[in-house]
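Dear colleague,

Please find below the structure that I am handing over to you, with its sequence. My notes on what was found in it follow directly after.

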Amino acid sequence: ADGASAGLLPAGPQPLLLRKTASFMTRILSVMGVLPGPSDTLGLGGEGGGGTSDAAGASYLDAFAAFRDEVRGLSKAKVPHSELLACCDHVRDDTLPQLGVRLEDRPDGKAVWKLDDPAVLAAERAERQAAAAEAARRKLANALDKKVKELEKLQKLAALPSERDALADRYSAFDGSGEPTHDKDGQLLQGKAVDKARKDLEKARKVREPLTKKLAEDPNALAALEAEVAQLTAQIAAMQ
C-alpha cells in the first residue's frame, strides 16, 4: 500500500480484523474435518475452549516424544535398519490410530495422514491382525504337513528290513560289501547270475537311499524331525 492508504489504517494490533481472520480459518478447518468442534467456535479448542485442544495436542506430543526416544535408543544401540523400520510401523499401525490418525504409505516414499474415528481404525487394525495371524497359521500348517510327510517316509524306510534280509529269499551268502555271492540253494553265483544279484542289491539300496543319505548327514535326523513336528504342532495349537 502507498503512504496515503497506509495512513488510513490504525496503528498497532487490529483485534476485529484478527478475530475475523481467525474465525474464517476456523470455519475452513472445521468444514475440512480437521477440527472436530463447531465451525463458529474460534480457534483449535472446539467445544469447551482451548482445554480440549491442549489435551489432544499433549497426546500427539507424547506420541512423538516416545517415538523419538525409541528411535534414539535403537540408533545408539546400532540395531539393524529393519528394527528402525519396525519402530516406524509401530507408530503407524498402533500409536497414531489410537489418536484418530490414519497414516498411509505412498509409492513415492512419502506418507499421507488423515483424521479418522479411532474405533474405525481399531476395527481395521484388528482385521489386519486376524488376517496376518491366519496367514501365519497357514504357513505353519504347510510346514507341518511337509515335515510330517518327510518323517512318515523316512519312518517307513527305517521299518524296512536290511538289504541283506530283503534279499535273503533269493541269496544265501554275501561278501563284505554286501553283494550276494551264493543263490538261495547255496550255489556260487556266476556269469549273468552275478549281474542279476548286483542289480537286485542296487534296487534295494536305491529304495533305502533317502534314509541312508539323511542319516549320513545327521545320525539323529529322525529324532530331529520328530522334534520339529512336535514344535510346529504346539505352535499351531497355541494360535487357535
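In this predicted model, a salt bridge joins Glu150 to Lys214, with the closest N and O atoms 3.1 Å apart. Glu150 belongs to helix H5 and Lys214 to helix H7, which spans residues 192–217, so the pair ties together parts that lie 64 residues apart in sequence.

One pairs Arg170 with Asp169, the closest N and O atoms being 3.5 Å apart. The other pairs Arg170 with Asp200, where the corresponding distance is 3.6 Å. This second pair links distant parts of the chain, 30 residues apart: Asp200 sits in helix H7, while Arg170 sits in the loop between helix H6 (163–166) and strand E3 (171–174). Arg170 itself is partly exposed, at 34% relative accessibility. Asp169 is exposed, with a relative accessible area of 54%, whereas Asp200, at 14%, counts as buried. Because the limit for a buried residue is under 20% relative accessible area, Asp200 at 14% falls in that class.

Elsewhere, Asp89, Arg92, Asp93 and Asp105 are linked in a network of salt bridges. The count for the model comes to 19 salt bridges.

I turn next to the overall architecture. The protein chain contains eight helices and four strands. Along the sequence, these elements follow the pattern α-α-α-α-β-β-α-α-β-β-α-α. Of the 240 residues of the chain, 17% count as buried. The accessible surface comes to about 17,000 Å², and 58% of it belongs to carbon and sulfur atoms. Among contacts between residues at least 6 apart in sequence, 40% join residues at least 24 apart.

Which residues make up the largest nonpolar core? There are 10 of them: Leu140, Leu144, Leu151, Leu154, Leu157, Leu211, Leu225, Val229, Leu232 and Ile236. Helix H5 (118–159) and helix H8 (221–238) are the elements that give two or more residues to this core. H5 gives the most, with five residues. Leu151, one of the core residues, touches Leu222, Leu225, Glu226 and Val229, leaving aside residues up to four places away in sequence. A second, separate core has six residues, including Leu167, Tyr171, Phe174 and Ala197.

E3 and strand E4 (residues 180–183) run antiparallel and are joined by three bridges. Within this pair, Ala173 stands opposite His182 in E4. The two strands form a hairpin with five residues between them, and Gly178 in the turn has a positive phi of about 95°.

Strand E1 holds Arg102. Is this residue buried or exposed? Arg102 is buried, with a relative accessible area of 17%. The side chain of Arg102 makes two polar contacts that I would point out: one with the side chain of Asp116, at 2.6 Å, and one with the side chain of Glu124, at 2.8 Å. Both of these residues are also among those that Arg102 touches, not counting residues up to four places away in sequence; the others are Val112, Trp113, Lys114, Val120 and Leu121.

Ala111 lies in the loop between strand E1 (101–104) and strand E2 (112–115). Ala111 is partly exposed, at 41% relative accessibility. Not counting residues up to four places away in sequence, Ala111 touches Leu103, Glu104, Asp105 and Arg106. One of these, Asp105, also takes part in the salt-bridge network described above. Arg92, another member of that network, is 19 residues from Ala111 in sequence and 9.8 Å away in space, C-alpha to C-alpha.

With kind regards

Technical notes. Residues are numbered from 1 along each chain as its sequence is written. This is a predicted model: local features need pLDDT of at least 70, side-chain atom pairs count only at pLDDT 80 or more; totals for chains, interfaces and linings use all residues. Side-chain values use heavy atoms; hydrogens and water are left out. A nonpolar core is a set of buried Ala, Val, Leu, Ile, Met, Phe, Trp, Tyr and Cys residues joined through side-chain atoms within 4.5 Å. Buried means under 20% relative accessible area, exposed over 50%, partly exposed in between (1.4 Å probe, protein chains only). Contact means heavy atoms within 4.5 Å. A salt bridge is a side-chain nitrogen of Lys or Arg within 4 Å of a carboxyl oxygen of Asp or Glu. Accessible areas come from the Shrake-Rupley method with a 1.4 Å probe; for residues, only the protein chains shown count as cover. Two strands pair if DSSP finds at least two bridges between them. A polar contact is a pair of N or O atoms within 3.5 Å; within protein, one must be able to donate a hydrogen and the other to accept it, and residues adjacent in sequence count only if both atoms are side-chain atoms.
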